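These questions and answers are meant to be read with the structure in view. Please look at it before going on.

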Amino acid sequence: MRYKELVDVYEALTSTTKRLEKTTILAEFLKNTDADILPIVTLLSLGKVFPVWSEEEMGIGLKLLMKAISLVVGVSPEIVEDNVRDKGDIGLASEHLFGNRLQSTLFTRPLTIVKVYNNLVKIATISGKNAQSKKIRILIELLTSASPKEAKYLTRTVLEELRVGIGEGTIKDAIAEAFDINKEVVERALMLTNDPGIVAEVAKEEGEKGLKRLNLTPGKPVKPMLAQLSKNIKDSIEEMGYALCEIKYDGFRVQIHRIGDEIKIFTRRLDEVSDAVPEIAEYIQKCLPEKDFIVEGEIIATKEGKPISFQYILQRVRRKYEVERLRLEVPLTMYLFDVLYYEEPLLDLPFERRREILESISKSKKGKFGLSKQVKVTPEFFERAEDLFEYSIKKGHEGIMIKDPHSPYMPGIRGKKMLKFKAEPETLDLVVVGGTYGRGRRANLIGSYLMAAQDADGNLKTIAHTATGLDDATLLELSNKVESIMTEKKGRKVKAKPEIIIEVAFSEIVKSPEYESGYSLRFPVVKRIRDDKGLDDIDTVKRVESIFNMRD
Ligand code: AMP
């Protein structure tokens with residue numbers, strides 16, 4: 001099949017903005033394409049040469065491409081650059097330049113789709129010595145045979161920005177329309193394989209039955225199941241009947257595949273990062289059986305046992321060089337939280353069962369790696385989830401996940417079956433202005449503390465009470481401190497001189513007439529007592545207001 005036929009389809013697709021029309025144009029084309037080249041035609045119609053999960057990328061930058069164009073067209077690189085700047089698009093600039101080309105393509109052989117595809121694959125896979133000059137030679141070979149319109153789309157494909165308005169939704173609908181198959185069946189097949197080329201081919205050759213047979217395969221990542229925000233821990237647990245609550249680690253999500261002896265690690269965007277994080281593969285080798293599987297977890301970086309900023313993990317995961325040095329500087333820890341495949345696909349099993357399987361197959365190495373901390377919580381004892389939240393914040397993590405035990409794994413779906421309840425990333429430094437004694441056995445301890453921020457004039461304005469986040473020893477110390485600076489005592493309530501500064505984490509700022517600042521904190525948790533700070537350093541009501549205004 002000639003490349004020109006695909007180019008005509010690109011042009012037709014660009015001529016309309018209506019999605020339904022685009023779908024029909026693409027569907028007609030896919031329908032009339034032979035099965036053997038259907039996978040590559042499908043990928044190329046999306047402007048891709050490789051499926052998303054592939055490690056391969058074209059590796060040709062704009063500069064190099066412009067150089068190739070200048071050599072083929074016979075003008076200086078500056079003229080090519082001026083044209084790209086004028087038109088604002090490499091494709092339009094190429095079309096123009098190729099239109100004015102002195103040497104015509106009359107005597108060259110017409111480009112076929114297979115030739116274009118093979119050369120693009122070659123360009124992507126060449127590496128090592130003189131890779132750049134070899135890449136450019138192959139590119140020039142392609143461009144020499146290209147008509148102006150072909151050059152328009154070839155150059156865009158090389159830069160991986162086709163701009164014909166075909167996305168995942170359109171390709172799904174087009175495959176369904178072309179081969180008369182239920183959209184949901186196509187969607188499921190796309191979700192499980194992430195390979196529209198294979199899905200189109202199987203749809204054409206084997207129809208709906210064939211697509212239903214496609215399943216998760218180790219080595220090919222699936223999009224991760226996503227989490228929605230929980231507004232309220234108790235309500236969320238009640239809605240699920242009971243829940244499996246876990247610490248929400250603030251790190252980098254990875255999907256780890258074992259195929260034979262090979263371990264592949266993918267990010268949530270399905271990029272492979274196996275070489276950047278060798279210790280993760282080593283751990284997996286040691287702690288999971290030598291079977292084919294897909295597990296998911298969160299990687300975090302730690303210093304002296306405490307999680308450190310997400311930026312450090314990014315440094316590790318994006319690194320190609322000096323991996324060994326960074327490995328010592330930024331050691332990684334991992335917590336596994338799901339299994340998607342173990343000798344067979346497990347997506348349809350309820351989460352509770354998948355977790356049991358995960359527990360039964362992993363020999364966790366204490367301290368360094370393990371499974372996510374999980375607690376089963378029923379609505380009657382929902383406080384256990386709040387305790388887990390508090391524990392999570394104290395340990396420097398992000399909050400908790402609330403998961404429906406009955407839910408299958410739903411790739412790419414952000415539904416109600418997996419929720420997150422997070423602390424605001426910001427914390428507030430507040431001053432203790434009072435407190436309330438406990439009851440019963442705790443009657444001689446101040447258990448809850450009234451906290452204040454300062455307004456623009458330096459006046460203190462109360463904002464919340466907090467009773468949580470302190471271990472017994474710290475609680476005793478704080479209680480004694482407050483008693484020593486007490487200015488008033490009425491019943492169980494006390495007032496204190498504003499001297500003790502505490503750092504407070506919380507899940508949300510809400511408006512509240514109950515406190516002088518007009519705001520209140522949901523789920524305040526004392527992170528630590530800030531002996532290093534004075535009254536001048538506490539946060540302002542203005543900052544509280546600005547965090548409130550930034551909420552999503
Ligand atoms: P967010 O990125 O805010 O949408 O929160 C969801 C993310 O939390 C997931 O994609 C994971 O990367 C991360 N996460 C941390 N701990 C867990 C856990 N125990 N279970 C599931 N996801 C977790």
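Q: How are helix 6 and helix 9 oriented to each other, roughly parallel or roughly antiparallel?
A: This is a predicted model, in which local features need pLDDT of at least 70 and side-chain atom pairs count only at pLDDT 80 or more, while totals for chains, interfaces and linings use all residues. Residues are numbered from 1 along each chain as its sequence is written, and side-chain values use heavy atoms, with hydrogens and water left out. Helix 6 (residues 90–99) packs against helix 9 (residues 148–158) at about 150° with the axes 7 Å apart; axes are lines fitted to C-alpha atoms over the stretch in contact, and angles run from 0 to 180 degrees between N-to-C directions. Angles over 145 degrees count as roughly antiparallel and those under 35 as roughly parallel, so helix 6 and helix 9 are roughly antiparallel.

Q: How do the residues of the contact of helix 6 with helix 9 divide by class?
A: Among the residues that meet are Ile90, Leu92 and Phe98 in helix 6 and Lys149, Lys152 and Arg156 in helix 9. Ala, Val, Leu, Ile, Met, Phe, Trp, Tyr, Cys and Pro count as nonpolar, Asp, Glu, Lys and Arg as charged, and the others, Gly among them, as polar. The division is five nonpolar, four polar and four charged.

Q: Is Phe506 buried or exposed?
A: Phe506 lies in the loop between strand 17 (501–505) and strand 18 (508–511). Buried means under 20% relative accessible area and exposed over 50%, with a 1.4 Å probe and protein chains only. Phe506 has 0% relative accessibility, so Phe506 counts as buried.

Q: How far apart in space are Phe506 and Leu428, C-alpha to C-alpha?
A: Leaving out residues up to four places away in sequence, Phe506 touches several residues, including Leu428, Leu521 and Phe523; a contact means heavy atoms within 4.5 Å. Phe506 and Leu428 are 78 residues apart in sequence, but C-alpha to C-alpha their distance in space is 8.7 Å.

Technical notes:
Helices (H or I, at least four residues) and strands (E, at least two) are DSSP runs, numbered from the N terminus. Angles under 35 degrees count as roughly parallel, over 145 as roughly antiparallel, 65 to 115 as roughly perpendicular and the rest as oblique.
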